[in-house]
Amino acid sequence: MELSIIREQAAKAAEQVCDAAKLRAGDLFVVGCSSSEIQGEKIGSHSSVEVAEAVFEGITSVLEPRHIFLAAQCCEHLNRALIVERAACERFMLDEVNVVPQPKAGGSFATTAYRRFADPVAVDSLKQSASAGMDVGGTLIGMHIKPVVVPLRIEIKQIGEAVLLCARRRPKFVGGSRAVYNEKLL
């Protein structure tokens with residue numbers, strides 16, 4: 001698959017998630033990405049920095065103009081740590097950890113984020129601070145999104161050969177049978 005197509009799919013997906021989740025400047029957007037799955041291979045088996053860079057470029061082309069922070073999830077070998085800009089780490093009061101992701105220990109997407117961010121920081125958790133996210137290839141991002149996590153259906157179903165699952169948060173419902181809810185927050 002051509003990298004330009006992957007870049008375009010990632011950008012369209014990020015745009016649709018941002019719009020559907022009604023993200024605002026300063027929100028945190030988490031992405032887990034298996035470059036192996038995008039190539040039609042088993043997760044963790046064929047890491048590709050070139051594929052990860054295409055996904056990263058597509059997503060950041062949408063997030064940066066909107067001033068939305070990206071959190072790039074590392075693979076299970078780094079306990080799903082995340083790479084964020086230092087400004088996001090400080091804004092969300094995240095705990096910095098010491099690790100530099102590599103394609104085979106952290107994943108190509110997190111490695112790309114670490115190389116491309118202006119001031120990258122690794123954190124062990126987002127403390128459920130993300131407002132929405134994309135799971136490209138079964139990387140399991142739900143733990144990073146604010147409760148209540150809601151599946152989000154968008155037009156883009158795959159990036160390359162990888163299944164794309166998206167999610168957003170919605171505020172918790174409180175109250176009983178007489179409660180009235182703000183429809184704009186559903």
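Residues are numbered from 1 along each chain as its sequence is written, and side-chain values use heavy atoms, with hydrogens and water left out. Because the model is predicted, local features need pLDDT of at least 70 and side-chain atom pairs count only at pLDDT 80 or more, while totals for chains, interfaces and linings use all residues.

Helices (H or I, at least four residues) and strands (E, at least two) are DSSP runs, numbered from the N terminus. Helix α3 spans residues 49–66, and helix α5 spans residues 108–116. The two pack at an angle of about 60°, with their axes 8 Å apart. That angle makes α3 oblique to α5. Angles under 35 degrees count as roughly parallel, over 145 as roughly antiparallel, 65 to 115 as roughly perpendicular and the rest as oblique. Axes are lines fitted to C-alpha atoms, for helices over the stretch in contact, and angles run from 0 to 180 degrees between N-to-C directions. The crossing of α3 and α5 is right-handed, that is, the near helix is turned clockwise from the far one by less than a right angle.

Contact means heavy atoms within 4.5 Å. On the α3 side, Val49, Ala52, Glu53, Val55, Phe56, Glu57 and Ile59 take part. They meet Ser108, Phe109, Thr112, Ala113, Arg115 and Arg116 in α5. The residues of this contact comprise seven nonpolar, two polar and four charged. Here Ala, Val, Leu, Ile, Met, Phe, Trp, Tyr, Cys and Pro count as nonpolar, Asp, Glu, Lys and Arg as charged, and the others, Gly among them, as polar.

Buried means under 20% relative accessible area, exposed over 50%, and partly exposed in between (1.4 Å probe, protein chains only). In α5, Ser108, Phe109, Ala110, Thr111, Thr112 and Ala113 are buried. The buried residues of α5 pack against β1 (28–33), α2 (35–38), α3, β2 (69–73) and β3 (82–85).

Lys22 sits between α1 (3–21) and β1. Its phi is near 55°, a positive value in a residue other than glycine. Lys22 counts as exposed, at 56% relative accessibility. Met93 lies between α4 (86–91) and β4 (96–97). Phi of Met93 is near 50°, also positive. Met93 is exposed, at 63%.

Gln102 belongs to the loop between β4 and α5. At 37% relative accessibility, Gln102 is partly exposed. Beyond its neighbours within four places in sequence, Gln102 contacts Gly107 and Thr111. A cis peptide bond joins Pro147 and Val148, with omega about 10°. Val148 is in the loop between β6 (132–136) and β7 (149–152).
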